[in-house]
Amino acid sequence: MRFSPGALAVLLIMSLLLLMQPQNTDAAHPKPGESGYRGLTFPAALPGIPLFDYFTRSPIIPTGPAVNGFYKGLPPFSTKVSCNVCHYDIVANESRNRHSSMSYEKIALPQYGVGYDKSMPWISGPGKFGKWSPAYNRQLGNMNTTYTSEADLLKKLDMGAFEFITECGVCHVGGGPAVSNPYGFTFPWRISNVFGADRGAGGIHNNLDNVQRNQSIANDFIFPLLISSPYYPLRVPLNPWDYFVTDNSVKKVDWAQWGYNGTLDLDCLMCHQEGYNHLSRNEEIIRNKRLYNAATLGSGIAVIDPLAGEGFNMDYDASKVILGADGSLYLSFSVTDKMTRFPKGENCVHCHMPTVVKNEAGNVDWKKSFYSYDAIPSDNPAEPGNMKPARYLSDMVKRGDIWNNDEVHKFLECAGCHSQTGKFQAWKPADANYMHSPGKGYDPINPGSDEFGGTVKFCYDCHISLGDINGDNVPDMETFGAPLGDSAHSRAGLLTNIVTKARRINTQGVEEEFTGNHLDVISCTTCHIKKQYAAARSVDFSTGGQFYNFVGSPLDQTSGPESIDLAYSWKETTPVRLLPNGTPNPLWRRLIYPFNYVTGVYWNNIGSKDANADGFTTGMSNNGEIVVGDPFFQRSVKENFVISVNSENNRIPVGLLNSSVFDTQSIKNDEGAVVFTRPGEIEAYKNLVTSKDAGFVPQLVLESEPYLITHNVLAKSRFALGKLSTDINGATVYGCSDCHGATGGVYNGQINMIGKGKRPDNSPLPLTVSWNNPSDVLTKAFYWDKAGNKKSASFSDLAVSPKVTKFLNRGEFLGYDTTRVAELNNNISAAAYGLGVNPVANISSVFADMDTQTPGIQVYISVAQALAAADAQAGNVGSSTYTWTSNDGTAIAAGQTSSVTFTTVGLKSITLKVVDEEGKSSQITQNVYAVAAPAANQVTWADAAGSLGGVLTISALPTPNNSLRIYWGDGKVETVIINGLVTATRAHTYVTAGNKLVKVYVYSSAGAQLALFTKTITVDGAN
């Protein structure tokens, strides 16, 4: 790229390096002399951000003073070049911006490379640029091929690169496939001189293809010739980058920067300028196909001179630009003050979700805020923008999102979770975690392009981890005072470990089952999201257009009487199973998440000929995998219908060519277009197609994909599954029935898979499709089971005649059969799992008392004593743990039954503690005396001859000791101080002869009992 001397001077001044100063991290763009959040000081010598000519990359210099408040007759400016002066590191790394790259670099070349799916060979890659979806149904051409003729191109090309840009570019920030082709046909193709000679690295561009191509471009511009000319080989070859199809004719793109289309440069202001005019930008892209004007008009600093023809002349608003001393234009502070570090929500929603409802009253431009680009209905049906039905904003279609007050996080705006995440940084390309793109979650449908996955804030980042995402006890992100959920979850029983077969990663890095709590199997969003407006349930391509059938509330109600009937399936919280140190990732779980299912309705070819020219037909083997489809191009489908306009001046199909089959149809879609619902309609269309070519046999496919639901978390007071309540008697009622039981909403109930049509009176009616021949219609809906296997469910009822589509049971999206659903619904009550039942500790074991005549219970040391506890919760409900301890530290195994063996003598306290599944506890203590068991012959009696007396001898006394207490068996008790003797003797005289039970207690100096010796002696006075 060659810059003029003036441009180089500006670049040098603007590139003065960093002065680190404290700054507001979300402040407006710094003014001259101020520092931004990156520490870059804006040069005080410059009046503002310079504007560079889109075509020449030179500063824009007015030819005269402002007239009526405008500098007139100037070229559009390039935001990429203007921002590049300082933010060159970001611009140079636009591939790390998924909004820019759209994964175009992952196109599957050669076949079987990255992103190539052998079962769907018409898909070019895993990213937005190249990915086919039944909810989009456009097939990007093979970007590395050329065609032999226009007829060959018409046969093989559905969508070229330029058409992709003009369809997707309205929400594409530019760059990526809009300016570069890494597979052989590089553009932009501005040659270094008018005759196509490449000046090499010193030229205006150094990424040209070859001299022949450059010469061909120049010839096409200077000496236009028909493609059929014999000199055609010198021209730019027919390829998907240079050519596209519209109105069934081949159109050539002029990517050259002086040309009629231009390229779509990276447009930083699209995200970072408050008040950016997306509609004006999109009109240039869609209606006028003047890509070079898009950013200038979007910024709102200029308008097109209506007398200037093709839009090469811009009139710049003098209140929004500054005329510098050097004679060139700069952005004024009125513009730069509205540039913020984090994109505002109003910028994000222009592409992602509506901010109003249809036909909203008042001073609201509902069309501008409701549709995704300028196919908006107008007052003139002849306008090119009305050749296609209006497209709704993407997230409204996929997820039913609308930016209203339902969302409790609305005050954060989009950046609160998508930019301020602590998981990536946006301006240091050398850092490993660099990405200049909003954070995103993990895409369960398309993980192949998920290099940015996991960079958004997740619920647990704020509400469990308190912003500490790396576990070092230091917050890594702003949590905005997010409350912890543990207390409420615990009270509701959701942290109770009663859920069998939860899954986690073990120390070997593989999945294992364990008994966990509800949060181990259910995502936060499942319990906290409810959507009470509309979402598309199907996108109908069966008539060659793109029409939507909705579920939920009417489109003109923000929060209507109905809710979107969400389905639930399994998804991993993160694909990271092991941490860098090799330990299991504690955050990994496979949880139940909410999804909106969007069904693509399109025609697939099951005949013998190849409909989309990818080299395969349905059912063929592609290197060991069966090809699942051969979708017809939309334009070939549209050719078979009669087109008219509806009440909003949108062009819609109103009937089948040369057929009256739709004349009596009462059900239409929301736009008033015909829909296929009956056997005769399907058969009439099949006959029409096969009559033209018997090798083509249409099959109507209804293919449904799940889109993850993440927005519209409601306040707990408004909605939450499983929360506690109180009955009329003031008793606590657990929320089990919110999910379990016949009316629970997670795996009970049915899902409408197609959406609603309209009767003639405009009242809604759920759509169904019926057919006769089994091969006429194929239905499939993708989901994941608990083990993570991707599966497909049919929503066809083939047991009736005619065959008909049906609703799917929610349990099917979880991989549950009717038996499992019945189990989950059977007698599910909180009390059955111990919730609300307080535990009671009770020692049920009975100790054998070695000395029944002495107070307390005596047990022998070195003898195992059995321990047992009664059920902690009546009826043996719930799951309690039983823990035993002793005051002397003797180890006792946990369990409802156990045993203890004391090795020392003395008073022992045995404590039982029970803890139930809710964490509630109870404990009880029982005391026993541990004494030494007497050994044989430790006590002897020497009877005195001729009297009733004698001498008692006690040997092998435990030491250290202090005293003996002797119970002589005649009612007399004697205490004897022995002071550590091992053997002690004591004389005693009885009053009567006979057998006497003698007990000898041994005590320590502290009064603790050390041992008990017993002996039955015989006193014989006749000796």
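Val654 is partly exposed, with a relative accessible area of 35%, where partly exposed means between the buried range, under 20%, and the exposed range, over 50%, computed with a 1.4 Å probe on protein chains only. This is a predicted model, in which local features need pLDDT of at least 70 and side-chain atom pairs count only at pLDDT 80 or more, while totals for chains, interfaces and linings use all residues. Residues are numbered from 1 along each chain as its sequence is written, and side-chain values use heavy atoms, with hydrogens and water left out.

**Surface patch**

- Val654 belongs to strand β17, residues 651–656; strands are DSSP runs of E with at least two residues, helices are runs of H or I with at least four, and both are numbered from the N terminus.
- Together with Val642 and Leu657, Val654 makes a nonpolar surface patch of about 180 Å²; a patch takes residues with over 30% relative accessible area and no salt bridge, and joins nonpolar side chains (Val, Leu, Ile, Met, Phe, Trp, Tyr) within 5 Å and like charges within 9 Å.
- The accessible areas come from the Shrake-Rupley method with a 1.4 Å probe, and for residues only the protein chains shown count as cover; a salt bridge is a side-chain nitrogen of Lys or Arg within 4 Å of a carboxyl oxygen of Asp or Glu.

**Aromatic pairs and charges over rings**

- The count comes to 33 aromatic pairs, under a rule that pairs rings of Phe, Tyr and Trp (its six-membered ring) if their centres lie within 6.5 Å, with planes under 30 degrees apart called stacked, over 60 edge-to-face and the rest tilted.
- Phe632 and Phe696 form an edge-to-face pair, at 5.8 Å centre to centre and with 75° between the planes.
- Because Phe632 lies in the loop between β15 (625–626) and α18 (634–638), and Phe696 in the loop between α19 (679–692) and β18 (698–708), this pair ties together parts that are 64 residues apart in sequence; Phe632 is buried, at a relative accessible area of 9%.
- Phe641 and Phe676 also form an edge-to-face pair, with 6.1 Å between centres and 80° between the planes.
- Phe641 is in strand β16 (residues 641–645) and Phe676 in the loop between β17 and α19, so the pair ties together parts 35 residues apart in sequence, and both residues are buried.
- Ring pairs also link Trp366, Phe370, Tyr371, Tyr392, Tyr548 and Phe550 into a cluster.
- The charged end of Lys31 sits over the ring of Phe333, 5.5 Å from its centre, and Arg57 lies over the face of Tyr54, at 5.4 Å from the ring centre; this requires NZ of Lys or CZ of Arg within 6 Å of the ring centre and within 35 degrees of the ring normal.

**Backbone geometry**

- Most residues other than glycine have a negative phi, and most peptide bonds are trans.
- A cis peptide bond with omega of about -5° joins Ser801 and Pro802, and Pro802 is placed in the loop between β27 (796–797) and β28 (803–805).
- Thr959 and Pro960 are joined by a cis peptide bond, with omega about -5°, and Pro960 lies in the loop between β37 (949–954) and β38 (963–967).
- Asn359 has a positive phi, near 60°, and lies in the loop between α12 (345–352) and α13 (394–398), where Asn359 is partly exposed at 48% relative accessible area.
- Asn762, with a positive phi of about 70°, is found in the loop between β22 (756–758) and β23 (764–766) and counts as exposed at 53% relative accessibility.
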